[in-house]
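Let's take a walk through a protein together, one piece at a time. Have a look at the fold before reading on.

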Amino acid sequence: MKTLIKLTLASALALGTAYGALAAEFTKGTVKKVDAKTKKVTLIHEELKSLEMPAMTMVFRVQDDAILEKLKEGANIEFVAERVNGKLTVTQVK
């Protein structure tokens, strides 16, 4: 019985770790500029840990129009940025 409990606990820990690695990490930022024509946004952001990037102001591509519509100049947001086809891209916003 102890072996079964240990295996179950180890499996649960492994799954939890795997899920955590897959979960998107949101970063706080402020929208400085939105360019709907080119589908780009300039963000003043905190450290992007998943991309090993310090806090700074930079331009990101925006993955789709639904995300672009949520971005208003001066708004404080939380976002996920990823490398998509080699370009830094905002893939989620809340």
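In which sense do strand 2 and strand 3 pair, and over how many bridges? They pair in the antiparallel sense, over 6 bridges; two strands count as paired if DSSP finds at least two bridges between them. In that pairing, Thr-42 stands opposite Val-59 in strand 3.

A quick word on what you're looking at: this is a predicted model, where local features need pLDDT of at least 70 and side-chain atom pairs count only at pLDDT 80 or more, while totals for chains, interfaces and linings use all residues. Residues are numbered from 1 along each chain as its sequence is written, and side-chain values use heavy atoms, with hydrogens and water left out.

Now zoom out. The protein chain has 2 helices and 5 strands (DSSP runs numbered from the N terminus: H or I with at least four residues for helices, E with at least two for strands). From the N terminus on, the order is α-β-β-β-α-β-β. A closed barrel of 5 strands runs 1-2-3-5-4, with mixed pairing.

What about the inside? Of the 94 residues of the protein chain, 27% are buried, meaning under 20% relative accessible area with a 1.4 Å probe, protein chains only. Val-90 has contacts (heavy atoms within 4.5 Å) with residues including Val-41, Phe-60 and Ile-67, not counting residues up to four places away in sequence.

Methods
Buried < 20%, exposed > 50% of the residue type's maximum accessible area, 1.4 Å probe, protein only.
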